[in-house]
Amino acid sequence: MSTLTKSYTNQHTRSLSLGERYNKLIEKLQFSYFGLISMTILAGSILGGIAAMYIFENNAPMWQFILCIGFSTMNNVFAISQAPVKWVFNTFVLTVLVNIFLIIVNNI
């Protein structure tokens, strides 16, 4: 009895560009759209609240608070209004980046 062996070559393997990876992620998120909405509202609001707390504890300028609340509210508006997945995801990432930056700046 002979054994069949299969050789695997990397002829079909190629690295995906950043744009292709992003598009694949958006397609995957499309499946769980309402889960994405609920998680962005939850995580964005919590992170915005933490950033606002650090801003007030540090007696920072009011523009930092307006920036924090503005991006957190924008995230919630896009999620509640059921905007396209790309918009919800992009505003969530932007909200996270802005609020983490404000937390770091006011925590130092």
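In this predicted model, helix H2 is followed by Asn59, a residue whose phi is positive, near 50 degrees. Asn59 adopts this positive phi although it is not a glycine. In general, most residues other than glycine have a negative phi. Asn59 is located in the loop between H2 and H3, and its relative accessibility of 68% is over 50%, so Asn59 counts as exposed. A positive phi, of about 55 degrees, is also assigned to Gln82, which is likewise not a glycine. Gln82 belongs to the loop between H3 and H4. With a relative accessibility of 48%, Gln82 counts as partly exposed.

Of its 108 residues, 29% count as buried. Among contacts in the chain with a separation of 6 or more, 71% are accounted for by residues 24 or more positions apart.

Helix H2 spans residues 33-57 and has 25 residues. From its first C-alpha to its last, H2 reaches 36 Å, close to the 36 Å expected at 1.5 Å a residue. The buried residues of H2 are Tyr33, Leu36, Ile37, Thr40, Gly44, Leu47, Gly48, Ala51, Ala52 and Ile55. What covers these buried residues includes helix H1 (18-31), together with H3 and H4.

Two of these covering helices, H3 and H4, also pack against each other. Helix H3 comprises residues 62-80 and helix H4 residues 85-107. The angle between the two helices is about 160 degrees, and their axes lie 9 Å apart. Because this angle is over 145 degrees, H3 is roughly antiparallel to H4. The crossing in which H3 passes H4 is left-handed. On the side of H3, the contact is made by Gln64, Leu67, Cys68, Phe71, Ser72, Met74, Asn75, Phe78 and Ala79. The residues contributed by H4 are Trp87, Val88, Thr91, Phe92, Leu94, Thr95, Val98, Asn99, Leu102, Val105 and Asn106. Taken by class, the residues of this contact divide into 13 nonpolar and seven polar, with no charged residues.

Methods:
Residues are numbered from 1 along each chain as its sequence is written. This is a predicted model: local features need pLDDT of at least 70, side-chain atom pairs count only at pLDDT 80 or more; totals for chains, interfaces and linings use all residues. Side-chain values use heavy atoms; hydrogens and water are left out. Axes are lines fitted to C-alpha atoms, for helices over the stretch in contact, and angles run from 0 to 180 degrees between N-to-C directions. Helices (H or I, at least four residues) and strands (E, at least two) are DSSP runs, numbered from the N terminus. Angles under 35 degrees count as roughly parallel, over 145 as roughly antiparallel, 65 to 115 as roughly perpendicular and the rest as oblique. A crossing is left-handed if the near helix is turned anticlockwise from the far one by less than a right angle, and right-handed if clockwise. Contact means heavy atoms within 4.5 Å. Ala, Val, Leu, Ile, Met, Phe, Trp, Tyr, Cys and Pro count as nonpolar, Asp, Glu, Lys and Arg as charged, and the others, Gly among them, as polar. The expected span of a helix is 1.5 Å times one less than its number of residues. Buried means under 20% relative accessible area, exposed over 50%, partly exposed in between (1.4 Å probe, protein chains only).
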